Amino acid sequence: MIIDLLKSHGSGNDFFIIDELTTDLSFTEEERRQLALALCNRDSELGADGILFVLKSERADARMRVFNADGSEASMCGNGLRCVARYAIDTLGKENLVVETMKVDLEVEKVADVYEGIPTFKVEISPVSFDVKDLPLVIEQSELHNERLPELHDTLLFSALAVPNPHLVTIVDSEMIHSDVQEVLATKVNGPNELFPDGVNVSFVKQLEPGHIYVRTFERGVGFTNACGTAMSASSLVTCLNGLNQLESDISVFNNGGKVKCVVHKRDNQYSIDLIGNATNEYKATIEVDLNCPEQFNVLTKESFDQEITLYAKLKADVQSYLKEVL
């Protein structure tokens with residue numbers, strides 16, 4: 001089988017986009033899982049955090065399915081949604097549209113550049129649930145807001161929420177950011193454990209200054225990534241609930257892959273978050289693959305988008321310079 005791939009990233013969180021929207025491509029569930037395992041392997045000729053399958057939708061402009069590097073399917077991915085937003089908007093010739101995801105249909109649109117020359121998109125992150133059953137988190141209480149989980153750490157205060165994929169967020173200081181605590185506890189809750197039977201994304205968040213936060217995330221099914229869109233959204237909401245930032249105001253969210261902006265809304269006692277950031281194309285490639293043994297794929301052509309790569313490298317350098325000063 002011949003497959004065209006587009007390598008794209010949001011905040012350094014990188015994916016292959018496979019088009020089932022305008023092509024005749026179709027895959028079984030097992031083929032999707034095996035393709036993710038093969039193509040996303042960093043030891044292979046390619047490598048990525050996941051695959052974004054863009055499909056036709058009966059009720060929206062397009063449908064997104066997200067498969068992580070370990071072959072598991074994610075219910076949502078904010079950085080991936082920005083990449084799909086760009087691809088679908090470019091393909092369908094629209095400025096805004098609706099993308100169907102596993103649990104909800106979300107609005108996306110092209111907006112002003114967050115950094116000169118870098119294509120920028122705003123995507124809706126919702127619904128938000130604080131019910132621990134929606135993660136799931138197995139504890140006696142129904143919600144966890146800025147409280148201890150003694151099984152994980154003696155002093156850290158955690159908040160649990162689904163957006164709609166599961167997140168565990170804690171606000172920390174610089175010393176904790178530079179320690180190995182996050183890796184230890186995130187590895188624990190993403191292996192066999194009694195608290196999070198399905199695993200959970202774990203984010204450590206540091207307030208840098210008013211309206212500026214740093215977020216580092218250990219993603220379920222991936223490990224540490226440059227950035228996680230839903231984690232940055234969930235973390236922004238948690239900082240608002242803890243009085244560090246304000247609703248309806250821009251929050252600059254810095255990460256190891258760059259930065260985005262988030263705006264937290266509350267309407268009719270329900271929260272939603274706008275996630276605003278880049279969708280950068282790195283290269284397009286054509287591969288030949290036997291779906292019975294996808295790990296033996298051959299790269300037939302590969303063409304890089306050098307200008308986009310260079311522009312984003314400048315943004316990332318600026319962010320890293322800033323983080324050295326504040327972390």
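**Exercise 1. Aromatic residues**

Phe-27, Phe-53 and Phe-67 form one aromatic cluster. The model is predicted: local features need pLDDT of at least 70, side-chain atom pairs count only at pLDDT 80 or more, and totals for chains, interfaces and linings use all residues. Residues are numbered from 1 along each chain as its sequence is written, and side-chain values use heavy atoms, with hydrogens and water left out.

Task: find how many aromatic pairs the model holds, and classify the pair Phe-130 and Tyr-271.

Solution. 

Step 1. Apply the pairing rule. Rings of Phe, Tyr and Trp (its six-membered ring) pair if their centres lie within 6.5 Å. Planes under 30 degrees apart count as stacked, over 60 as edge-to-face, and the rest as tilted. The count by this rule is 6 aromatic pairs.

Step 2. Check the geometry. The ring centres of Phe-130 and Tyr-271 are 6.1 Å apart and the planes stand at 90°, so this pair is edge-to-face.

Step 3. Helices (H or I, at least four residues) and strands (E, at least two) are DSSP runs, numbered from the N terminus. Phe-130 lies in the loop between strand S8 (120-125) and strand S9 (158-162), and Tyr-271 lies in strand S16 (residues 270-278), so the pair ties together parts that are 141 residues apart in sequence.

Step 4. Check burial. Buried means under 20% relative accessible area, exposed over 50%, and partly exposed in between (1.4 Å probe, protein chains only). Phe-130 has 14% relative accessibility, so Phe-130 counts as buried. Tyr-271 is buried too, with a relative accessible area of 14%.

Step 5. Phe-218 is buried at 12%, whereas Phe-224 is partly exposed at 36%.

**Exercise 2. Charges over rings**

Task: which ring does the charged end of Arg-32 sit over, and which ring does that of Lys-302 sit over?

Solution. 

Step 1. NZ of Lys or CZ of Arg must be within 6 Å of the ring centre and within 35 degrees of the ring normal.

Step 2. Take Arg-32. Its charged end sits over the ring of Phe-53, 4.7 Å from the ring centre. Phe-53 also belongs to the cluster with Phe-27 and Phe-67.

Step 3. Take Lys-302. Its charged end sits over the ring of Tyr-283, 4.4 Å from the ring centre.

**Exercise 3. Salt bridges**

Task: how many salt bridges does a search of the whole structure find? Then trace three of them.

Solution. 

Step 1. Side chains of opposite charge can pair when their charged atoms come close. The cut-off is a side-chain nitrogen of Lys or Arg within 4 Å of a carboxyl oxygen of Asp or Glu. The search finds 18 salt bridges.

Step 2. Take Arg-42 and Asp-14. Their side chains meet at 2.8 Å, N to O. Arg-42 is in the loop between helix H1 (29-39) and strand S3 (50-55), Asp-14 is in strand S2 (residues 13-20), and the two are 28 residues apart. Arg-42 is partly exposed at 48%, but Asp-14 is buried at 7%.

Step 3. Take Arg-63 and Glu-100. The closest N and O atoms of this salt bridge are 3.8 Å apart. Arg-63 is partly exposed at 29%. Glu-100 is buried at 11%.

Step 4. Take Glu-308 and Arg-86. This bridge spans 2.8 Å, N to O. Glu-308 is in helix H6 (residues 306-326) and Arg-86 in helix H2 (residues 78-92), 222 residues apart. Both residues are buried.

Step 5. Look for shared partners. Lys-7, Asp-14, Arg-42, Asp-49 and Glu-282 are joined into one network by such salt bridges.

**Exercise 4. One residue, then the whole chain**

Task: is Thr-239 buried or exposed, and which residues does Thr-239 touch? Then describe the chain.

Solution. 

Step 1. Locate Thr-239. Its place is in helix H5 (residues 229-241). At 1% relative accessibility, Thr-239 is buried.

Step 2. List the contacts (heavy atoms within 4.5 Å). Leaving out residues up to four places away in sequence, Thr-239 touches Ile-171, Val-205, Gln-207, Ile-213, Leu-244, Asn-245 and Ile-251.

Step 3. Widen the view. The protein chain has 6 helices and 18 strands. Buried residues make up 56% of its 327 residues.
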